[in-house]
Amino acid sequence: RTEGFARARVVVPMSAEDADEDLYADLVGESGGAGDTVIRTQNAALKQRVREQDEALQKLAKQLRDSEALVASLRAENETLERNISCLYRTAVLEIARKDKLLAK
């Protein structure tokens, strides 16, 4: 039974040369070569992607500002309309009461 016990992890040691080769395998040597070209290409692609993401971010920020301005405008308009309808209702109630008094005479 192995319930409740952690399994041991087996680590296979590497020789010093293998470790150095693996550790620095993706770095470019002093002479440059194909690795240098790959890095420059990746760098250019990443810079382009950053530019595109910045443009998208600016576009979304503008949309957010525009939406917030629209919401503020609609809120103000809604408050005005609520006040107006309330005033109209009170006026109508008073007018009906006035007419009822007139008819009662």
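A: Happy to. A word on terms comes first: a residue counts as buried under 20% relative accessible area, as exposed over 50%, and as partly exposed in between. Glu95, at 33% relative accessibility, is therefore partly exposed. Please keep in mind that this is a predicted model.

The next pair is Asp66 and Lys62. Their closest N and O atoms are 2.9 Å apart, and the contact is a salt bridge. Here the spacing is four residues within helix H2, so about one turn of helix lies between Asp66 and Lys62. Asp66 is partly exposed because its relative accessibility is 42%. For Lys62 the relative accessible area is 45%, so this residue is partly exposed as well.

That leaves Asp36 and Arg40, whose side chains form a salt bridge at 3.1 Å, N to O. Both belong to helix H2, which covers residues 34-104, and they are four residues apart, or about one turn of the helix. Asp36 has a relative accessible area of 25%, so it falls in the partly exposed class. Arg40, in contrast, is exposed because its relative accessible area is 57%, and the cut-off for exposed is over 50%.

Stepping back, a search of the whole structure turns up three salt bridges. As for the setting, the chain has two helices and zero strands. Of its 105 residues, 0% count as buried. The accessible surface of the chain is about 10400 Å², and carbon and sulfur atoms account for 58% of that area.

Key: Residues are numbered from 1 along each chain as its sequence is written. This is a predicted model: local features need pLDDT of at least 70, side-chain atom pairs count only at pLDDT 80 or more; totals for chains, interfaces and linings use all residues. Side-chain values use heavy atoms; hydrogens and water are left out. A salt bridge is a side-chain nitrogen of Lys or Arg within 4 Å of a carboxyl oxygen of Asp or Glu. Buried means under 20% relative accessible area, exposed over 50%, partly exposed in between (1.4 Å probe, protein chains only). Accessible areas come from the Shrake-Rupley method with a 1.4 Å probe; for residues, only the protein chains shown count as cover.
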